[in-house]
Amino acid sequence: MKRLLFVYNPHAGKGLLKPKVSDIIDIFVKAGYEVTAYPTQAYHDAYRKIREFTDHYDLVVCSGGDGTIDEVVTGMMAREERVPVGYIPTGTTNDFAHSLKIPRDILAAADNAVNGQAFPCDVGQFNDGIFVYIAAFGLFTDVSYQTNQTAKNILGHLAYVLEGTKRLFNIPSYRIKVTHDGEVIEDEFIYGMVTNSRSVGGFRNMVGKNVTFDDGVFEVTLIKMPKNPIELQEIITALLTEQTDGKHMYSFKSGHLVFECLEEIPWTLDGEFGGDHDFVEIYNLQKQLQIMVPKKYVSDLSEAGKTEAEKGGEQ
């Protein structure tokens, strides 16, 4: 019999998972798995569990928010023998799950975790750490881990927006040297993000177009310091309408970047505080994570699928 480790955060989101745990385990058993269930007890507990387990498992399924999937993937990447990961999103935003077309419904996501297809997904290396879908600095990046959890549960996305608008009147900026693919950019930025996602903070238009998850490159957006409120409004409009605004931002793809700054800058990794750094080196670890996704969407998520679609359009 195949073996499955189920690691879940019982407090994620609105605690919606708790009453459905037995139904979820039933889905796993019907798919032919012997299940070991582990509710996380504290911050970083999911990372520790994945990093240290010694029994053999054919599949790891986790449930929680972006912080939980980040911990599980980071733990898995630290292992010599890696196994596929299934994900049941129960957090507030769930950008990564939405991008990979993982169902929002808990039981449908559970079914996908055991009956979907293992997809080889890119992962980010951030200095000595790991991130799943976004590394960012600057404006709004601390909102997700500073917004009150009760406010997150009640207000959802609105909590992030309300917390973020408080910062528009006192915008910090950073003088940064960014090196990528033989090019050097040096400017003053209020925000930067390195992403492997089609959604950031619940907004689907803020990342580059034609995003695939196994192409070995990240989508990079660096926003310059606006000189006045009009420029700030132009930046916000460009982000929300998926327009490339060369006057106010840099936008490109890269698999290897270096950020250098005279002062230490706070970074966020997958919505969690990633430390203060004056030097950051980011690598794309291409196809290093096996994540369960719905079979019908594999071609949409992959570089090969996109290429085939482009070829078909040319004929």
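Predicted model: local features only at pLDDT ≥ 70, side-chain atom pairs only at ≥ 80, totals over all residues.
Among contacts in the protein between residues at least 6 apart in sequence, what share joins residues at least 24 apart? The share is 74%, where contact means heavy atoms within 4.5 Å. Residues are numbered from 1 along each chain as its sequence is written, and side-chain values use heavy atoms, with hydrogens and water left out.

Now for the overall picture. The protein has eleven helices and 13 strands; these are DSSP runs numbered from the N terminus, with helices being H or I of at least four residues and strands being E of at least two. Of the 315 residues, 51% are buried, and buried means under 20% relative accessible area, while exposed means over 50% and partly exposed is in between (1.4 Å probe, protein chains only).

Two strands pair if DSSP finds at least two bridges between them. β12 pairs with β7 (residues 134-138) in the antiparallel sense over three bridges, and there A135 stands opposite L269. With β8 (residues 174-180), β12 makes another antiparallel pairing, over five bridges, in which H180 faces L257. β13 (residues 272-293) also runs antiparallel to β12, joined by nine bridges, and E260 sits opposite F279 in that pair.

Next comes the hairpin of β12 and β13, which has two residues between the strands. D270 lies in the loop between them and takes a positive phi of about 55° although it is not a glycine. Most residues other than glycine have a negative phi. D270 is also buried, with a relative accessible area of 1%. At 11% relative accessibility, D70 counts as buried.

N127 has a positive phi too, near 50°. This residue belongs to the loop between β5 (117-126) and β6 (129-131), and at 21% relative accessibility N127 counts as partly exposed.

Grid points are joined across faces, edges and corners, and a volume is the space filled by probe spheres set on the points. One cavity of 30 Å³ or more is counted, and the largest cavity holds about 30 Å³. Its lining includes I176, F259, W267 and H277. The elements giving two or more residues to this lining are β12 and β13, with β12 giving the most, five residues. By class, the lining has seven nonpolar, one polar and two charged residues; Ala, Val, Leu, Ile, Met, Phe, Trp, Tyr, Cys and Pro count as nonpolar, Asp, Glu, Lys and Arg as charged, and the others, Gly among them, as polar.

Terms used: 1 Å grid on protein atoms, 1.4 Å probe; cavity = no way out; pocket = protein on both sides within 12 Å on 5 of 7 lines; lining within 4 Å.
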